[in-house]
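This briefing goes through one structure by topic. Please keep the sequence and the 3D view at hand while reading.

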Amino acid sequence: MIPKLEWSALVQAADQLGHREDLPGELVPDYEKNEDFLKKVHRVLLEVEVIEGSLQCPESGREFPISKGIPNMLLNEDEA
Amino acid sequence: MKQSTDPLLRMSSQGDDVAEQSSNTVAAPTSSSSTETDPTSGTTVTIGATVPTGFEHTAAEEVKEKIGVDAQISKDRGRIYFPITTDKLSQVHLLRSVDNLFVVVAEYDHYQFKESKEETLSELQELASKLPWTNALEVWRLNRTLKKKKGHRKVGNTTKAKSNTEASDVAAAAEVVQHELPEETSAADGDAKAERTPDSETCQQDLDENAPGAKLIKFRVTCNRAGDKHSFSSNEAARDFGGAVQEFFQWKADMTKFDIEVLLNIHNEEVVIGIALTEESLHRRNISHFGPTTLRSTLCYGMLRLCKPQASDIILDPMCGTGAIPLEGAIEFSESFYIAGDNNDMAVNRTVNNICHIQKRRADKGSPSGLPIDTVQWDLSNLPIRTSSVDIIITDMPFGKRMGSRKKNWDLYPSCLREMARVCRPDSGKAVLLTQDKKCFAKAISRMGGLWRKLHTVWVNVGGLHAGVYLLKRTTAVFGQTPEDVHESRGRGDSQMKERDDN
């Protein structure tokens with residue numbers, strides 16, 4: 001699973017939420033065998049949920065609201 | 001085609017003794033009750049299961065995987081049979097591809113019906129007292145105990161709030177009835193099975209009043225009949241057979257508040273008598289918040305099995321509706337991660353509610369919560385997902401009759417398939433798509449040969465409509481480089497302009 005993640009994006013998001021704990025900025029070699037590390041990743045991936053907030057596109061700055069845990073990624077008519 | 005491997009568990013009436021009625025019935029019943037009884041694992045019986053039509057093989061696979069026995073697929077569509085020792089009964093209830101379960105009392109492969117209706121019905125009546133009921137009834141009793149132990153299954157808690165799954169299942173039955181017609185076996189004769197009222201609450205109360213083995217047992221007979229050579233109707237068979245059963249056991253007949261439901265399934269020359277082990281279909285187990293087109297969980301499970309989710313797979317449902325498919329996946333194939341999305345407000349809300357409901361139920365039982373699933377509101381033609389990042393796409397595409405419209409599908413399907421091809425990983429990626437609009441789908445897919453390849457199709461029945469589940473493989477072609485892409489993206493710009501003008 002971890003190879004499928006954009007690691008830096010995950011760490012940044014966790015950081016902004018105040019839930020980074022001590023996740024490394026880069027993947028360490030042999031992370032697959034590091035129990036402690038894997039538990040932290042599991043936690044941040046599956047146990048931390050944004051209920052209210054927003055997602056911001058790093059390129060355009062466009063914000064997508066999150067309400068009740070659901071991000072609304074619908075574009076407005078003029079944006080499509 | 002039904003293949004028998006175990007002669008003990010199957011009985012065929014002696015084909016040459018057609019005239020001799022007694023040998024049909026007397027000779028046959030020995031087999032069921034003479035199977036070995038192992039003190040540790042219990043008696044061996046045959047279990048029958050109804051499964052979504054088209055998914056008989058996946059159901060048989062699940063049985064092999066979880067129970068460890070080979071299942072036979074009946075000629076009567078949507079049914080499989082397999083032998084178990086009674087110690088496996090609780091495991092059988094955990095099967096996810098099964099709608100309903102019953103224990104076989106007796107089965108006849110080539111039942112020779114009499115010429116006249118009168119004689120046929122009279123023979124059925126005589127049959128009642130000659131069948132090997134013992135083992136099946138033992139299983140029925142055992143099953144009842146299991147249900148009581150489980151507690152949450154069919155305890156009548158109608159007074160509780162909607163958090164109780166079973167109560168909401170029943171409450172939503174009204175909605176279910178509109179959209180989920182019970183599967184009928186044949187169009188040859190209009191006879192349907194007797195009404196099945198979901199009266200599980202009162203039923204349970206009756207059970208409590210009757211201690212196991214107590215005298216007054218209430219029953220009813222449900223007959224499913226299919227075939228064009230029968231001289232009788234399912235109602236007549238149910239009535240007469242039921243009358244004889246009542247005589248024999250001195251049970252009380254009750255259409256709505258019954259303890260035992262005897263099943264009489266007749267499909268051409270195949271006759272199976274069974275006792276039901278499930279009161280209400282298991283197919284709505286995960287969903288407490290229904291939508292207009294919610295798929296039953298057994299169908300969701302069948303579709304998921306078809307695409308064989310692997311650990312770490314990213315699985316997308318871009319038109320999730322109430323989230324039935326990804327939710328079933330998150331529970332049953334939990335080593336993958338599911339992203340459910342829809343453009344509709346109500347749909348995403350219902351999805352989240354359904355997920356929360358399950359998470360709460362699991363937390364109550366002490367399981368770790370945190371199902372591997374997230375919900376997003378998005379536009380199918382502009383998925384906020386990186387190119388080539390999804391392993392499997394699985395969804396129920398709008399039918400046109402129940403949702404959307406035929407004309408809309410004409411435009412929607414190709415753009416769907418393109419966007420899905422974009423996000424899906426080339427070469428290893430797969431898609432499992434359910435749709436009733438086979439014509440539209442075929443046309444859309446034919447224009448996508450560079451991106452999608454059809455691997456397999458399963459024909460199913462969804463709410464009375466004939467639909468197809470298409471298993472597709474993503475080609476190795478990188479998106480944006482096949483000739484179809486280039487053509488389509490040019491065309492797409494134009495159609496978007498057009499849409500705006502229309503608004």
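## Interface of chain B and chain A

Lys4(A) and Asp391(B) join their side chains in a salt bridge, 2.8 Å from N to O. The model is predicted. Across the interface of chain B and chain A, the rule finds three salt bridges.

- Helix 13 (345–364) and strand 12 of chain B each give at least two residues to the side of chain B that touches chain A.
- Strand 12 of chain B makes the largest contribution to that side, with four residues.
- By type, the residues on the side of chain B that touches chain A are eight nonpolar, eight polar and seven charged.
- In contact across the interface are 23 residues of chain B and 15 residues of chain A.
- Seven residue pairs between chain B and chain A are in polar contact, both residues being at pLDDT 80 or more.
- The size of an interface is often given as the accessible area lost when the parts come together.
- For chain B and chain A, about 1,600 Å² is buried between them, and 56% of it is on carbon and sulfur atoms.

## Salt bridges within the chains

- Side chains of opposite charge can pair when their charged atoms come close.
- Over all chains, the count by this rule is 23 salt bridges.
- In chain A, Glu21(A) pairs with Arg43(A) in a salt bridge, with the closest N and O atoms 3.7 Å apart.
- Glu21(A) sits in the loop between helix 1 (7–17) and helix 2 (35–47) of chain A, and Arg43(A) sits in helix 2 of chain A, so this pair ties together parts that are 22 residues apart in sequence.
- Glu21(A) counts as exposed because its relative accessibility is 56%, while Arg43(A), at 24%, counts as partly exposed.
- Lys40(A) and Asp36(A) also form a salt bridge through their side chains, at 3.6 Å from N to O.
- Both Lys40(A) and Asp36(A) belong to helix 2 of chain A, where they are four residues apart, about one turn of the helix.
- Lys40(A) has a relative accessibility of 22% and therefore counts as partly exposed.
- In chain B, a salt bridge links Lys114(B) and Glu123(B), whose closest N and O atoms are 3.7 Å apart.
- Lys114(B) and Glu123(B) are both buried.
- A network of salt bridges connects Glu62(B), Lys66(B), Arg96(B), Glu328(B) and Glu332(B).

## Helix 3 of chain B

- Helix 3 of chain B spans residues 56–66, and its buried residues are Glu56(B), Thr58(B), Ala59(B), Ala60(B), Glu62(B) and Val63(B).
- Glu62(B), one of these buried residues, is also a member of the salt-bridge network.
- The cover over the buried residues of helix 3 includes strand 3 (72–73), strand 4 (79–85) and helix 11 (297–307) of chain B.

## Nonpolar cores

- In soluble globular proteins, nonpolar side chains tend to be buried together.
- The largest nonpolar core has 51 residues, and those touching the most other members are Ile47(B), Phe82(B), Trp133(B), Phe241(B) and Ile273(B).
- Helix 6 (residues 133–150) of chain B provides the largest share of this core, six residues.
- Not counting residues up to four places away in sequence, the residues that Ile47(B) touches include Ile80(B), Phe82(B), Leu89(B), Val104(B) and Leu277(B).
- A second, separate core has 35 residues, among them Met73(A), Leu383(B), Cys416(B) and Ala444(B).

## Two buried loop residues in chain B

- Ser389(B) is found in the loop between strand 12 (373–377) and strand 13 (392–396) of chain B.
- Is Ser389(B) buried or exposed? Ser389(B) is buried, because its relative accessible area of 18% is under 20%.
- Apart from neighbours within four places in sequence, Ser389(B) contacts Ile314(B), Val423(B) and Arg425(B).
- Thr475(B) is in the loop between strand 16 (465–474) and helix 16 (483–502) of chain B.
- Thr475(B) counts as buried because its relative accessibility is 15%.
- The side chains of Thr475(B) and Arg474(B) make a polar contact at 3.4 Å.
- With neighbours within four places in sequence set aside, the contacts of Thr475(B) include Pro426(B), Asp427(B), Trp452(B) and Arg453(B).

Notes
Residues numbered from 1 in each chain as written. Chains lettered and ligands numbered in written order. Predicted model: local features only at pLDDT ≥ 70, side-chain atom pairs only at ≥ 80, totals over all residues. Heavy atoms only, no water. Buried < 20%, exposed > 50% of the residue type's maximum accessible area, 1.4 Å probe, protein only. Contact = heavy atoms within 4.5 Å. Buried area = accessible area lost by both parts, 1.4 Å probe. Salt bridge = Lys/Arg side-chain N within 4 Å of Asp/Glu carboxyl O. Polar contact = N/O pair within 3.5 Å; in protein donor to acceptor, adjacent residues only side chain to side chain. Nonpolar A, V, L, I, M, F, W, Y, C, P; charged D, E, K, R; others polar. Core = buried A, V, L, I, M, F, W, Y, C linked by side-chain atoms within 4.5 Å.
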